[in-house]
Amino acid sequence: MSLTPITVHHYLVLSTLLFAIGLFGVLFQRNIIIVLMSLELMLSGANLAFVTFSRTHANLQGQVMVFFSIAVAAAEAAVALSILIALFRARDSVNVDAASDLKG
Amino acid sequence: MEAVVFYGFGGLAVVAALLMVLARSPLNGVLWLVVCFVGIAGLFAALDAHFLAAVQVLVYAGAILVLFLFVIMLLNLRPGDLSRLTGFSLRGGGAWGFGVGVLGFAAVVTAVILGAHLDPVTGKGGVTTLVPRAMSAMEPLSGGAVEVAVPLFSTYLLPFEAVSLLLLAAIVGAVALTKKRLP
């Protein structure tokens with residue numbers, strides 16, 4: 001089996017694919033928990049691109065940026081999940097359509 | 001060897017991501033996302049970001065997804081909730097977003113394919129001047145804990161402190177949002 005050598009393009013296509021799958025989940029899932037997980041997946045796709053360019057340029061700053069990205073993702077997950085709990089208490093549902101109006 | 005690692009971990013990540021997005025119940029979704037993040041951690045290790053690979057498993061697959069599991073447990077969803085969550089709705093703004101997402105992905109893939117066929121000397125024949133080189137031919141980079149800590153605690157000290165403040169704000173915000181109002 002002869003495989004072409006792995007280049008930066010392979011990693012970028014994979015990174016874009018993960019981002020696109022996450023975007024698909026954010027747009028089409030009705031379950032707000034899976035929407036939040038798809039957001040994490042989109043962040044991970046972007047992180048993969050950061051690490052890929054860090055490797056190709058032999059520069060560690062991309063990896064440092066991924067650190068910050070992971071920390072911000074953790075903060076985002078904590079706040080988003082607490083909003084989700086408040087929403088579930090108010091509407092008794094995890095369907096995003098239950099929160100389509102801002103009244104009350 | 002490098003190709004085996006890339007296609008193995010990359011395929012694992014993509015398949016697990018698809019299964020997560022299409023999951024019927026959020027519990028299955030979380031477990032597939034753990035598999036996906038382990039695949040991404042493997043790719044990080046293949047890119048010589050060894051410390052980030054460990055952080056990805058510990059913080060993402062460990063801490064953040066356990067938080068998701070706790071919330072799912074806390075919500076106490078009924079079976080009716082789970083079966084209602086299956087469908088996608090293609091109406092409204094979703095269809096536009098889907099079109100934009102597909103077009104954007106097609107644009108990147110086209111650019112990469114065209115860029116992969118350009119002449120390395122003249123730079124003609126593609127839409128990008130990026131010349132593909134095998135990752136194994138790149139100059140080496142060590143991403144251990146010591147190497148990453150040097151820029152993190154010198155050049156990026158101020159952003160590091162700002163992130164710690166952000167995490168504190170997130171903790172306080174999460175507690176304030178979820179605590180029950182006392183009468």
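1. Tyr11(A), Phe6(B) and Tyr7(B) make up one aromatic cluster. The rule for pairing is that ring centres of Phe, Tyr and Trp (its six-membered ring) lie within 6.5 Å, with planes under 30 degrees apart called stacked, over 60 edge-to-face and the rest tilted. This is a predicted model, in which local features need pLDDT of at least 70 and side-chain atom pairs count only at pLDDT 80 or more, while totals for chains, interfaces and linings use all residues. Residues are numbered from 1 along each chain as its sequence is written, chains are lettered from A and ligands numbered from 1 in the order in which they are written, and side-chain values use heavy atoms, with hydrogens and water left out.

2. Over all chains there are 6 aromatic pairs. One of them is the tilted pair of Phe67(A) and Phe51(B), with 5.6 Å centre to centre and 50 degrees between the planes. This pair crosses between chains: Phe67(A) is in helix α3 (residues 61–91) of chain A, and Phe51(B) is in helix α3 (residues 50–75) of chain B. Helices here are DSSP runs (H or I, at least four residues), numbered from the N terminus.

3. Buried means under 20% relative accessible area, exposed means over 50%, and partly exposed is in between (1.4 Å probe, protein chains only).

4. Another pair lies within chain B. The ring centres of Phe37(B) and Tyr60(B) are 4.5 Å apart and their planes stand at 45 degrees, so this pair is also tilted. Phe37(B) belongs to helix α2 (residues 26–46) of chain B and Tyr60(B) to helix α3 of chain B, so the pair ties together parts that are 23 residues apart in sequence. Both Phe37(B) and Tyr60(B) are buried.

5. How many salt bridges are there over all chains? The count is 1, where a salt bridge is a side-chain nitrogen of Lys or Arg within 4 Å of a carboxyl oxygen of Asp or Glu. Arg55(A) and Asp48(B) form a salt bridge through their side chains, at 3.1 Å from N to O. Arg55(A) is in helix α2 (residues 32–56) of chain A, and Asp48(B) is in the loop between α2 and α3 of chain B, so the pair joins two chains. Arg55(A) and Asp48(B) are both buried.

6. The contact (heavy atoms within 4.5 Å) involves 71 residues from chain A and 86 residues from chain B. About 7400 Å² is buried between chain A and chain B, and carbon and sulfur atoms give 80% of this area. Buried area is the accessible area (1.4 Å probe) that two parts lose on being put together, summed over both.

7. On the side of chain A that touches chain B, α1 (8–28), α2 and α3 of chain A each supply at least two residues. The largest share, 24 residues, comes from α3(A).

8. Ser15(A) sits in helix α1 of chain A. With a relative accessible area of 6%, Ser15(A) is buried. Apart from neighbours within four places in sequence, Ser15(A) is in contact with Gly45(A), Leu48(A) and Ala49(A).
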